Amino acid sequence: MVRGAGQAYLRLDYSGHGASGGRFEEGTIGRWASDAEAALLALTQGPQILVGSSMGGWIALLLALRHPGRVRALVGIAPAPDFTEDLMWAEMPEPVRQAILTEGQWLRPSAYGDAYPITRALIEEGRNHLLLRTPIVLDMPIRLLHGQADADVPWQHSLRIAEQVTGQDVQVTLVKGGDHRLSGPAELSLLGRTLASLLGENPA
């Protein structure tokens, strides 16, 4: 939708992700937020609409809090703030926790490819960026899209975000049967309509 409408946009991979250099196991929430912040400040001008999926939703919220004047609106796709603490550490069996604390990391199986390392640094540094314990002071349009069949981030997580955001223009859209990625044709169409509405276009 964005490309078809001639709308400029910036897409990035965090360090250790996708086409970016670096090692995933050296990454932390703070480092990845700094990656995105540097791109926002150096490569864009004026207010932006931030779109973040899963961890990217956490990063987008952090950037909106740091630079509210540069953020016109925010879209979260299965947004996962605080996932290191609430969806990982809190649910890990004690032997896994001990492995992380003593060995520095644990290889977590993934439904999307090879197992990936969960490091002690990721867990501990993530605690510096937790958002859901206090009000999230943002006053901008926020749209949260979440599949009710998401096996990675429960859809109730989006409701928690909506409760914590202090602004009133917050909408949560639940997709019955939708998975974590929300990447099917109908789901991408929903994302397109959501963005079109925020851009002031005809969403049809």
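Biologist: I would like to start with one residue. In which strand is Arg143 found?

Modeller: Arg143 is found in strand β5. Keep in mind that this is a predicted model, and that every value quoted here is computed from it.

Biologist: How do I read its accessibility: is Arg143 buried or exposed?

Modeller: Compare the relative accessible area with the cut-off, where under 20% is buried. Arg143 has 13% relative accessibility, so it counts as buried.

Biologist: What is Arg143 in contact with, apart from its neighbours in sequence?

Modeller: With neighbours within four places left aside, Arg143 is in contact with Leu74, Val75, Gly76, Asp169, Val170, Gln171, Thr194 and Leu198. One of these, Val75, is 68 residues away along the chain, yet the C-alpha atoms of Arg143 and Val75 are separated by 4.8 Å.

Biologist: Now a helix. What span should helix α7 have, and what does the model give?

Modeller: Count 1.5 Å a residue and compare with the distance between the end C-alpha atoms. Helix α7 covers residues 185-199, and its 15 residues should span 21 Å. The end C-alpha atoms of α7 are 21 Å apart, which agrees.

Biologist: Which residues of α7 are buried, and what covers them?

Modeller: The buried residues in α7 are Glu187, Leu190, Leu191, Gly192, Thr194, Leu195, Ala196 and Leu198. What covers them includes β1, β2, β5 and β6. Two of these buried residues, Thr194 and Leu198, are also among the contacts of Arg143.

Biologist: What follows α7?

Modeller: Gly200 follows α7, and its phi is positive, near 80°.

Biologist: Loops, then. Is Leu182 buried or exposed?

Modeller: Leu182 is found in the loop between β6 and α7. It is buried, with a relative accessible area of 7%. Beyond four places in sequence, Leu182 touches Ile77, Leu145, His146, Gly147, Val175, Glu187 and Leu188. Leu145 is 37 residues from Leu182 along the chain, and their C-alpha atoms are separated by 8.4 Å.

Biologist: And Ala111: buried or exposed?

Modeller: Ala111 is exposed, with a relative accessible area of 76%. Its place is the loop between β3 and β4.

Biologist: How is the packing of two helices described?

Modeller: By the angle between their axes and the distance between the axes. For α1 and α2 the angle is about 60°, and the axes are 10 Å apart. That makes α1 oblique to α2. The crossing of α1 and α2 is right-handed.

Biologist: Which residues make that contact?

Modeller: On α1 they are Ile29, Trp32, Ala33, Ser34, Ala36, Glu37 and Leu40; on α2 they are Met55, Trp58, Ile59, Leu62, Leu63 and Arg66. By class, the contact has ten nonpolar, one polar and two charged residues.

Biologist: One intermediate case to finish. How does Arg120 count by accessibility?

Modeller: Arg120, in helix α5, counts as partly exposed at 34% relative accessibility. Not counting residues up to four places away in sequence, Arg120 touches Ile100, Leu101 and Gly104.

Methods: Residues are numbered from 1 along each chain as its sequence is written. This is a predicted model: local features need pLDDT of at least 70, side-chain atom pairs count only at pLDDT 80 or more; totals for chains, interfaces and linings use all residues. Side-chain values use heavy atoms; hydrogens and water are left out. Axes are lines fitted to C-alpha atoms, for helices over the stretch in contact, and angles run from 0 to 180 degrees between N-to-C directions. Helices (H or I, at least four residues) and strands (E, at least two) are DSSP runs, numbered from the N terminus. Angles under 35 degrees count as roughly parallel, over 145 as roughly antiparallel, 65 to 115 as roughly perpendicular and the rest as oblique. A crossing is left-handed if the near helix is turned anticlockwise from the far one by less than a right angle, and right-handed if clockwise. Contact means heavy atoms within 4.5 Å. Ala, Val, Leu, Ile, Met, Phe, Trp, Tyr, Cys and Pro count as nonpolar, Asp, Glu, Lys and Arg as charged, and the others, Gly among them, as polar. The expected span of a helix is 1.5 Å times one less than its number of residues. Buried means under 20% relative accessible area, exposed over 50%, partly exposed in between (1.4 Å probe, protein chains only).
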